[in-house]
Amino acid sequence: MLYEGKHIRRGSRKKRRFQTKITVLCASLSLAVCCVIGGTLAWLTAKTEPVENKFNPAQVNCKVQEDFDSATGVKENVQIKNTSDIPAYIRVRLVGYNKDAEGHIVGDIAEWLKDIPVKINESWFKAGNYYYYKFPVEPGEFTDNLIDSCILQDGQVLEILAEAIQSQPSDTIESAWAEVKAAEDGNLTAASQL
């Protein structure tokens, strides 16, 4: 046989064919996986209804309830109503000032404010400038009276400023109201007493 210039190696042809088969097989598998994933995503997108996440945040509010007769200056039955939709702790600050005949605020600190008969008892305690109700108040319920009755002289104004905070978790109260802590029984106590 004469040599025609072609050198044929039998082993390299087999090797090339094997590599080609592996390449075609990998490409086919990749295409099949992409089709399955794409088909699944298309089916889920077409068949799955959107999920509506309904979230109703809690409302924490309170309202001062009192009887006041402007003719006699008698303010009585001062208590706070929890108008929230969750249990809440209540605190109150008393702000007193004087007004002149024309309704202008006059003077400095209302010295008479210290004479207001506030009930410091098993339900209320004072810490800092606030009076705290010891127990969590359920929605729609009232605190005990903070002031049963007091008489304001002509020109004296007593404002009752009330605040509410959710009763759970207890670290919420302690971070917002530094003067108090929630005891193990769930009641408030002055931070200095713990």
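1. Where is the place of Asn 77? Asn 77 sits in strand 2 (residues 74-82), where strands are DSSP runs of E with at least two residues and helices are DSSP runs of H or I with at least four, both numbered from the N terminus. Its phi is near 50°, a positive value in a residue other than glycine. Asn 77 is partly exposed, with a relative accessible area of 33%; here buried means under 20% relative accessible area, exposed means over 50%, and partly exposed lies in between (1.4 Å probe, protein chains only).

2. On the basis of the values, this is a predicted model, in which local features need pLDDT of at least 70 and side-chain atom pairs count only at pLDDT 80 or more, while totals for chains, interfaces and linings use all residues. Residues are numbered from 1 along each chain as its sequence is written, and side-chain values use heavy atoms, with hydrogens and water left out.

3. Pro 169 is placed in the loop between strand 8 and helix 2 (170-176). As background to this point and to the phi value above, most residues other than glycine have a negative phi, and most peptide bonds are trans.

4. Turning to open space, the largest pocket has a volume of about 330 Å³. Of the 14 residues that line the largest pocket, the closest to its centre are Leu 94, Val 95, Leu 113, Lys 126 and Asn 129. The search uses a 1 Å grid over the protein atoms alone, and a pocket is an open set of points with protein on both sides within 12 Å along at least five of seven lines, a 1.4 Å probe being the test of fit, while lining residues have an atom within 4 Å of a point. Grid points are joined across faces, edges and corners, and the volume is the space filled by probe spheres set on the points.

5. As for the make-up of that lining, strand 3 (residues 88-99) gives the most to it, with four residues. By class, the lining of the largest pocket has eight nonpolar, two polar and four charged residues, where Ala, Val, Leu, Ile, Met, Phe, Trp, Tyr, Cys and Pro count as nonpolar, Asp, Glu, Lys and Arg as charged, and the others, Gly among them, as polar.

6. How many salt bridges does the count come to? The count comes to five, a salt bridge being a side-chain nitrogen of Lys or Arg within 4 Å of a carboxyl oxygen of Asp or Glu. One of them joins Glu 163 and Arg 91, at 3.0 Å from N to O. Glu 163 lies in strand 8 (residues 156-166) and Arg 91 in strand 3, so the pair ties together parts that are 72 residues apart in sequence. Arg 91 counts as buried at 8% relative accessibility, whereas Glu 163 is partly exposed at 31%. Arg 91, Glu 163 and Glu 179 are linked in a network of salt bridges.

7. Two further salt bridges can be set side by side. Glu 66 pairs with Lys 75, the closest N and O atoms being 3.2 Å apart; Glu 66 counts as partly exposed at 32% relative accessibility, and Lys 75 as buried at 5%. Lys 114 pairs with Glu 111, with the closest N and O atoms 3.8 Å apart; Lys 114 is exposed at 63%, and Glu 111 also counts as exposed, at 52%.

8. Some pairs of residues bear on the fold through C-alpha separations. Val 92, found in strand 3 and buried at 0% relative accessibility, is 72 residues from Ala 164 in sequence and 8.9 Å from Ala 164 in space, C-alpha to C-alpha. Lys 119, in the loop between strand 4 (105-106) and strand 5 (124-127), is 26 residues from Asn 145 in sequence, with 7.5 Å between their C-alpha atoms.

9. Trp 43 lies in helix 1 (residues 10-47) and counts as exposed at 51% relative accessibility.
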